[in-house]
Amino acid sequence: MIRKTTGLFKKVALTGVAGILGLAMPLAAGASTASEFPTGPVTITLPFPPGGATDLMARVVGHRLSQTWGQPVIVDNKPGAGTLIGSEAVARAKPDGYTLLLNVTSLVQAPHLRASSTQFDPVTALAPITEAAGTALILVANPSVPANTPAELVELVKANPGKYSYGSYGAGSSGHLYGHIFNEQTGLDMVHVAYRGEAPSVTDLIGGQIPLLILSGVGAAPNIQSGKMKALAVTSPQRSPILPDVPTFGELGYKGLSDSGWFGFFAPAGTPPEVVAKISTDINAILAEPEVQERLAPSGLVMKGSTPEEFAKVVKRDSDKWGAVIRQAGVSVD
């Protein structure tokens, strides 16, 4: 249909009527593209290895999108370089909506952590689609640590200089940076221990090799419930739905530790806005389904769903925020 209409415009291009129609053509073509999208397979690039909350969300949402669209939706895991490998691959893809990205807050942290990635700016290289979910990180301790609150921890660490360190799932991760903020606010000098992923850090905490971790609800909740670790506080504006008895840092009076991390979908910059809007609407409808929320709830995710414009503001805000924190901390992973 689009080819025939374009040909008609060429035949009458010299007439006044054709000029008017020519101006209207991009709008008509865009509307048709959005209404027909997709006409073939769509790929969701995931810059993480299989497993974990991001992989679960990609596969749950991808399965439902496939049913909604009547087209295959493929999850492609491309881990590495703090999510930059997968993110940059999507940024370079054809901007037609057929290559998508599911990433987390690491997307706007990673470029500030690597001098070699200064050419990649996710704020301009990608088109935000929707903020799919929010999530909290949790400060946990080995049960042998004689502190049950952040305040008690501060007293303990100050009374035992050099004895206590904290771990996270990676250098420059949100866990690492939240720990830096906590150190700054409380006057502590706890050393950060970077792990390659959450699983080995959990193993070491349970085994007593490290006393403290800042990690996700996925890694923390089952171990807290079994008594293998204890939770001191969560980093989100509200309490975590899977840990309702654990206070937030905000309600305990700590600043800069009350932001939720996010899970969000993106397309390459330049993707037609009407296609981005359609994908956003379809994903948001899926996130609102009770069955989907029930499937994702054990991961500690709070389903959101937003317009592309709303999510773009969140991405820009967090890029500026974490860029400032990283520069102040002097953190680099190059």
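1. A pocket, as the word is used here, is an open set of grid points where a 1.4 Å probe fits, with protein on both sides within 12 Å along at least five of seven lines, and its volume is the space filled by probe spheres set on those points. In this model, which is predicted, the largest pocket holds about 1,200 Å³ of space. Its lining is made up of 47 residues, and those lying nearest the centre are Phe48, Val104, Ser106, Tyr169 and Gly197.

2. Which elements give two or more residues to the lining of the largest pocket? They are helix H3 (52-69), H5, helix H8 (174-186), E10 and H13, and of the lining as a whole the largest share, four residues, is supplied by H5.

3. As to the overall architecture, the protein chain comes to 13 helices and 11 strands, and 51% of its 334 residues count as buried. Among contacts between residues at least 6 apart in sequence, 76% join residues that are at least 24 apart.

4. In soluble globular proteins, nonpolar side chains tend to be buried together. The largest nonpolar core here has 43 residues, of which Leu153, Phe182, Met190, Trp262 and Phe266 touch the most other members; helix H13 (residues 308-329) gives the most to this core, with six residues. Apart from it lies another core, of 34 residues, including Phe48, Val61, Ala132 and Ile283.

5. Where do the buried residues of helix H4 (residues 84-92) lie around its axis? Leu84, Gly86, Ser87 and Val90 are buried in this helix, and because they cover an arc of only 165° around the axis, they are on the same side of H4. The buried residues of H4 pack against strand E1 (42-46), strand E3 (99-104), helix H5 (106-113), E4 and strand E10 (261-268).

6. Nine salt bridges are found in a search of the whole structure. In one of them, lysine 304 pairs with glutamate 131, the closest N and O atoms being 3.1 Å apart, and this pair links distant parts of the chain, since lysine 304 is in the loop between strand E11 (302-303) and H13 while glutamate 131 is in strand E4 (residues 126-135), 173 residues apart. Glutamate 131 is buried, at a relative accessible area of 10%, whereas lysine 304 counts as partly exposed, at 43%.

7. A salt bridge within a helix joins aspartate 282 and lysine 278, at 3.2 Å from N to O; both residues lie in helix H11 (residues 273-287), four residues apart, about one turn of the helix. An α-helix has 3.6 residues a turn, so residues three or four places apart point the same way. Aspartate 282 has a relative accessible area of 15% and is therefore buried, the limit for that class being under 20%, while lysine 278, at 21%, counts as partly exposed.

8. Arginine 317 and aspartate 318 form a further salt bridge, with the closest N and O atoms 2.9 Å apart. Aspartate 318 is buried, with a relative accessible area of 3%, but arginine 317 counts as partly exposed, at 47% relative accessibility.

How values were computed:
Residues are numbered from 1 along each chain as its sequence is written. This is a predicted model: local features need pLDDT of at least 70, side-chain atom pairs count only at pLDDT 80 or more; totals for chains, interfaces and linings use all residues. Side-chain values use heavy atoms; hydrogens and water are left out. A nonpolar core is a set of buried Ala, Val, Leu, Ile, Met, Phe, Trp, Tyr and Cys residues joined through side-chain atoms within 4.5 Å. Buried means under 20% relative accessible area, exposed over 50%, partly exposed in between (1.4 Å probe, protein chains only). A salt bridge is a side-chain nitrogen of Lys or Arg within 4 Å of a carboxyl oxygen of Asp or Glu. The arc is that of the directions from the helix axis to the C-beta atoms. Contact means heavy atoms within 4.5 Å. On a 1 Å grid over the protein atoms alone, a cavity is a set of points where a 1.4 Å probe fits but cannot get out, and a pocket is an open set with protein on both sides within 12 Å along at least five of seven lines; lining residues have an atom within 4 Å of a point.
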